[in-house]
Structure formats: structure tokens, C-alpha cells
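Open the model in a viewer and keep the selection panel at hand. Each stop below gives a selection and then what is found there.

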Amino acid sequence: IIDKARSQGRTVLTEIESKELIREAGISVVETRLAISREEAISISKELGLPVVLKIASPDVVHKSDAGGVKIGLRTATQVGKAYGEILKAIKQKYPQAVVDGVSVQKMARPGVEVIIGMSKDAQFGPVLMFGLGGILVEVLKDVSFRIVPLARRDAAEMIREIKGYPLLEGYRGQEPVDVANLEELLLKVSDFVERNPGIKELDLNPVFAYSDGAVAVDARVVLEELS
């Protein structure tokens with residue numbers, strides 16, 4: 001996947017490529033497929049099983065929701081077909097120059113506590129892993145913790161418990177507690193993956209839905225280093 005992107009002169013992987021790469025690292029991701037027509041979107045949604053989520057697939061659109069490029073909770077083929085057209089229309093209006101690969105279709109994951117796992121490279125320390133509350137909360141609260149790669153198990157445990165929102169993971173106000181040990185394992189897998197792939201500049205899993213019986217990455221973004 002990385003070699004293919006480089007051969008095409010790209011440094012930003014598509015959501016589908018990013019998820020494929022992440023899955024190879026042993027991290028659970030929501031299966032996502034690319035549709036390049038309304039009919040294909042409907043066909044894929046039936047194969048994956050409704051309800052589904054549709055998202056614009058474009059290397060030029062980073063904040064997909066803000067651009068009208070995301071439609072969630074689509075429960076019928078008619079809704080899928082309508083959403084496909086609305087997404088393309090919204091992106092064409094907002095980003096007329098954007099390269100559009102199509103629209104990604106994924107089965108809607110059951111709700112969980114949203115967390116983020118990210119990696120960026122520090123000029124001095126190299127790869128640094130981030131953990132925090134995910135979704136839009138990461139931008140609003142900035143409730144995150146950091147550790148330098150590679151992580152030891154103790155680092156992963158501390159990262160999770162350091163955030164102010166940790167009570168949400170323990171089961172706040174009668175909510176089911178999430179499997180924290182699984183999140184620790186997830187951080188260690190990402191750390192290992194980053195260490196084995198020095199050509200990766202940035203990585204974002206946001207949101208990851210954390211459950212009492214595991215976790216799944218709903219969205220993924222991988223950016224490669226520029227080749228000098």
C-alpha cells in the first residue's frame with residue numbers, strides 16, 4: 001500500500017488504504033469499501049448490511065463532516081442513493097478543485113465511548129503517540145496524553161489513566177465500563193506498527209469506539225514522509 005502510494009507521488013493515504021494498513025497491524029477496523037457510482041453504493045450497503053455510513057473519499061478533503069461529506073445512519077437503499085448524490089454535490093460546491101475517488105461505504109458501528117489514538121513525529125524525540133477522548137471532543141477539550149515510541153505496557157496504562165475523561169472509560173453514571181486492557185493492547189500495537197514503519201509521518205485513528213468487549217477504529221488516516 002505504501003509503495004503504491006509512493007509510486008503515484010502521494011503522501012496521504014485514502015481512508016480505505018489507511019484502514020487496510022491498520023488492519024494488517026492487528027487492529028480492528030470497520031470494513032470500508034469504495035463506491036464510484038450511486039448504484040455501487042447501494043449494492044455495497046446491502047452486502048455490508050444496513051444501516052451504513054457514507055463518506056467522501058478524497059485526499060483533498062480532510063475535515064469531511066464540516067464539508068458535508070459524511071452521512072450517517074442510512075437505513076434504506078433509497079437513503080443511500082440520495083446521500084451519495086448529496087455528498088458529491090456538497091464537495092463540488094465547497095472544494096471544486098478536489099480530486100474525488102468516490103464515496104466510501106461502511107457498516108454503522110454500534111456506539112461506544114469515542115477515543116483517539118494518534119502519532120506524529122517530533123523533530124527531537126521522533127514518533128510520539130497520543131491518546132485521548134475522540135470525535136469532536138479532542139478538538140474541544142484537548143484532553144490528551146503523550147508518550148515517546150516505543151511504548152512499554154506501563155506507558156500504555158499510564159496514558160489512558162492520565163486523561164481527565166478517564167471516568168468515562170470506567171463507566172460514568174451507569175454506563176458500561178470499557179475494556180481498558182484492550183485499549184492498552186491497542187496502544188502497544190500502534191506503537192509497534194509505527195516502529196516497524198518509519199516511513200509513516202502521521203497517523204490518526206479517530207474515533208475509535210471503545211466497548212466493554214473490545215474496540216474498533218471507525219476512521220483512519222495515514223500520512224507518509226516526503227521522499228527526499
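**Before selecting**

This is a predicted model, in which local features need pLDDT of at least 70, side-chain atom pairs count only at pLDDT 80 or more, and totals for chains, interfaces and linings use all residues. Residues are numbered from 1 along each chain as its sequence is written, and side-chain values use heavy atoms, with hydrogens and water left out.

**Stop 1: the whole protein**

Show the cartoon: the protein has eight helices and 10 strands. These are DSSP runs numbered from the N terminus, helices being H or I of at least four residues and strands E of at least two. Along the principal axes, the C-alpha trace spans about 50 × 50 × 30 Å.

Next, colour by accessibility. Of the 228 residues, 46% are buried. Buried means under 20% relative accessible area, exposed means over 50%, and partly exposed lies in between (1.4 Å probe, protein chains only).

Now select Lys and Arg, then Asp and Glu, the types that count as positive and negative respectively, with His and the chain ends not counted. There are 30 positive and 33 negative side chains, and the centres of the two sets lie 5 Å apart. The place of each charge is taken as NZ of Lys, CZ of Arg, CG of Asp or CD of Glu.

**Stop 2: a linked set of charges**

The structure holds 18 salt bridges, each being a side-chain nitrogen of Lys or Arg within 4 Å of a carboxyl oxygen of Asp or Glu. Select Glu-15, Lys-19, Lys-55, Lys-64 and Asp-219, which are linked in a network of salt bridges.

Lys-19 is buried at 2% relative accessible area, and Glu-15 is buried at 9%.

Move to Lys-64 and Asp-219, another salt bridge, with closest N and O atoms 3.3 Å apart. This pair links distant parts of the chain, 155 residues apart: Lys-64 is in the loop between strands E2 (52-57) and E3 (70-74), and Asp-219 in the loop between strands E9 (214-217) and E10 (220-224). Lys-64 is buried, with a relative accessible area of 15%, and Asp-219 is buried too, with 14%.

**Stop 3: Asp-213 and Arg-110**

Select Asp-213 and Arg-110, whose side chains form a salt bridge at 2.8 Å, N to O. Asp-213 lies in the loop between strand E8 (200-211) and E9, and Arg-110 in the loop between strands E4 (102-107) and E5 (113-122), so the bridge ties together parts 103 residues apart in sequence. Asp-213 counts as exposed at 54% relative accessibility, whereas Arg-110 is partly exposed at 46%.

**Stop 4: cis peptide bonds**

Most peptide bonds are trans. Select Leu-50 and Pro-51, which are joined by a cis peptide bond with omega about 0°. Pro-51 lies in the loop between helix H3 (38-48) and E2.

Then select Asn-206 and Pro-207: a cis peptide bond joins them, again with omega about 0°. Pro-207 lies in strand E8.
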